[in-house]
Amino acid sequence: MSNYFYILWIPLLPLATFVLLGLFGRKYLSGISGLIGTASLLTSTILSFVAAKQYFFVDGKVNGVFQKIVALKYTWLEFSPNVSIDLGMIVDPISVMMLVVVTSVSLMVHIFSLGYMKGEERFATYYAFLSLFTFSMLGLILSSNIFQVYMFWELVGVSSFLLISYYFNKPSAVAASKKAFIVTRFADLGFLIGILILGYYGGTMDIGLLIERFTSASSAQYISITGASFLGASMLTWGLTLIFMGGAGKSAMFPLHIWLPDAMEGPTPVSALIHAATMVVAGVYLVARMFPVFSMDEIALNIVTYVGAASALFAAVIACTQTDIKRVLAYSTMSQIGYMMFALGISKNGGEQGLGYMASMFHLFTHAFFKSLLFLGAGAVIHKIHSNEMKDMGGLRKLMPITHIAFLIACLAIAGIPPFAGFFSKEEILTAAFHENKVIYGIALFTAALTSFYMFRLYFNIFWSKEASVTAKDHNSHNLAADGNNSQDNHDHGEGTWKMKLPLLILATCAIGVGFIPFSQFVTSDGKALATHIDLVFSIAPVVLSVLAILLAASFYKNQNDKSDKVATAFGGFYTAAYKKFYVDEVYLFITKKIIFPLIGQPIAWADKNIIDGFVQLLATTTAKIASLIKGLQSGKVQNYALYFFGGVVALSILFIYIWK
Amino acid sequence: MQEIPLTHILFVSTALFFIGMYGLFTRRNLITMLMSIELMLNSVNINFVAFNKYLFPDNLDGLFFTLFIITIAAAEAAVAIAIIINLYRSHQSIDVEDATEMKY
């Protein structure tokens, strides 16, 4: 087994950058902080590609099966000889694949931000936070211990919180960051309990050992965890469901999705990195990491399937009605992650039946590229227009030709039009769904059509629709990115500098090309290569549906007309409900403000003030009273003290001479 | 010649000790208090010498102790008088009742 120790540098470089920029960035390095961050991440990216090449093409495969390699193991907290929390790094197909995805998307975002965030006052802080996030995400990917996963999981949450509230003088951004943090923290509570359940019954926190113990039906641990039951479900089901709850919180699955659309208050490149390509797929990654255990439990897998499918459909419907372009993309992200989730849910472990697993990972891989491209494109548009609203846009195809082409490619990719990347991964998911569960297949097909519709609604509204009218709105709003590069705008079609265009072009190339990677040769549930083929007859239905949806969107939005309004009126209440995001936020507010606050929060507050604080206060006042009674002894007179001293000596003498014999 | 019994000497040293103690508690003048402390120390010295002579005439340990105590008493007197002089400079008095700032 060869040495993978050098991948330790992949997360450590961003960490070093974070420390450097966090401590000295604003004072000494503000001019070059962006370049420092980008350069260190470039190194990480190169190392990731080296690792991927070494693993996939040189020595990862032994007898046709990709091995799980533990590159580093360090016993960190040892509670007893058998129970310890280790820090380690695991190298297997999905972790290497995620390394490549996270570092390359992060690198693109770093480069894009050089242009987008130029002139911001807290430029160095921004890059410090980006580095912190990249470090945490890479650490999460490489974790070999489920408790280590949890630690990095929380770090990722914190850095997401910091980046959402980057514009901290905007109240909405502050509220959004708090919402994101609290909702995901709530979900992480479930995750923690799930970890403790699995750790308690499995007797270890090590992921490899857990998988080994829970996947053999005859092991003592498996018998004990399936034997114990609570409220009618076995502890294995409970543990896995609670772990999935953590994953659903991070991945914005219904009903824990409410934070994701609000998280769009952060800078747009941050949305591209965190809320599209990397952090939100952490939940999918977690389920995939624990997949052999999940595959032992039918109920937990069904929960994953139906939550995923429901989220996919639900988010797609809402996305059709939103007018803020970043919110449309947010709901689209949620919908695509729903795809990945249910693809995992319908999968089995190993062999031909593991198609769903492979398809899910494939979709994660392609989605990262075209979704970050969509967000960066949207960022370029917002940078130009200084507005997130569709009604402020239109006709931008002439002003921003490169952005236009890149955005179109991304839209085609997400709509699943061959030969763009999304087509291949979506076909695999649909094939898996078709073989396993016809209901899910129906939902997936309908969602795919909806996806094409809302993506092209977005595309036509931004780049076609009415003619360009950006002059009035331009340069007078400063609440978004500072427009530090106006001078370049004039002789550059207003598209921003090459720093913003280069990532778009690279990602567009990826969105075209990555679908052709024979993914099933590399990433499968059991490490063996899986033969897949695109069945042309099978592909007809989704592609035709997508094309029809695109044509429908074109007829509605390509030129300004009232067809879309008429349809909206025809749907009536349903449209309004979808526009209001099906009132999920209102339900949450009702539950928290009307039920939790008065019935749980206030009694607890009362108990805290009167019982817990009261006890402490009682201790304090008693001490004070006793003190005021006996403080007269401290008279300040030397002779008194001498008297006490002699008194004490006499008393001790009596004690030791006459009493204590 | 009849020898003086040990008890007589112990009686003298006890009287000396309690005279010193009485002086320490009743006198307000710091110099007098210091003198009282010296009295008490000397009563201890007498005890050491007496016990050495009557119980272990072959050893000299008690005498050495006495010499040590006399040396240390001299040093202690120097320190105490330095303190008293400083107190006098700040309070214009060496009455112990006038220096009671260090109370509750």
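Colleague: Where does B:Gln92 lie?

Modeller: B:Gln92 sits in the segment that comes after α3 of chain B. Keep in mind that this is a predicted model.

Colleague: What is the phi of B:Gln92?

Modeller: Phi is positive, about 55°, although B:Gln92 is not a glycine. The residue comes just after α3(B).

Colleague: Is B:Gln92 buried or exposed?

Modeller: B:Gln92 is exposed, because 8 other C-beta atoms lie within 10 Å, and the cut-off for exposed is 12 or fewer.

Colleague: Switching to chain A. How many helices and strands are there?

Modeller: Chain A has 27 helices and 6 strands. Its C-alpha atoms fill a box of roughly 110 × 65 × 50 Å along the principal axes. Of its 661 residues, 51% are buried.

Colleague: Which residues touch the most other members of the largest nonpolar core?

Modeller: Those are A:Leu373, A:Ala410 and A:Ala511, in a core of 208 residues. Helix α16 (residues 355-385) of chain A gives the largest share, 20 residues.

Colleague: What does A:Ala410 touch?

Modeller: Leaving out residues up to four places away in sequence, A:Ala410 touches A:Phe370, A:Leu373, A:Leu374, A:Gly377 and A:Ala511.

Colleague: At what angle do α17 and α19 of chain A pack?

Modeller: Helix α17 (residues 401-415) and helix α19 (residues 438-463) of chain A pack at about 170°, with axes 9 Å apart. That makes α17(A) roughly antiparallel to α19(A), because angles over 145 degrees count as such.

Colleague: Which residues make the contact?

Modeller: From α17(A), they include A:His404, A:Phe407 and A:Cys411; from α19(A), they include A:Ser452, A:Met455 and A:Tyr459. By class, the contact has 9 nonpolar, 3 polar and no charged residues.

Colleague: Which peptide bonds are cis?

Modeller: One of them runs from A:Phe254 to A:Pro255, with omega near 0°. Another joins A:Pro418 and A:Pro419, with omega about 5°.

Colleague: Where are A:Pro255 and A:Pro419?

Modeller: A:Pro255 is in the loop between α9 (235-250) and α10 (259-262) of chain A. A:Pro419 is in the loop between α17 and α18 (421-436) of chain A.

Colleague: Back to the loop between α9 and α10 of chain A. Is A:Ala252 buried or exposed?

Modeller: A:Ala252, found in that loop, counts as buried because it has 29 C-beta neighbours inside 10 Å. The cut-off for buried is 20 or more. Phi of A:Ala252 is positive, near 55°, and the residue is other than glycine.

Colleague: One more loop. Where is A:Gln67?

Modeller: A:Gln67 is between β2 (65-66) and β3 (69-78) of chain A. With 15 C-beta neighbours inside 10 Å, A:Gln67 counts as partly exposed. Its C-alpha atom is 6.4 Å from that of A:Asp92, 25 residues apart along the chain.

Methods
Residues numbered from 1 in each chain as written. Chains lettered and ligands numbered in written order. Predicted model: local features only at pLDDT ≥ 70, side-chain atom pairs only at ≥ 80, totals over all residues. Axes fitted to C-alpha atoms, helices over the stretch in contact; angles between N-to-C directions. Helix = DSSP H or I, 4+ residues; strand = E, 2+ residues; numbered from the N terminus. Parallel < 35°, antiparallel > 145°, perpendicular 65-115°, else oblique. Contact = placed C-beta atoms within 7 Å. Nonpolar A, V, L, I, M, F, W, Y, C, P; charged D, E, K, R; others polar. Core = buried A, V, L, I, M, F, W, Y, C linked by C-beta atoms within 7 Å.
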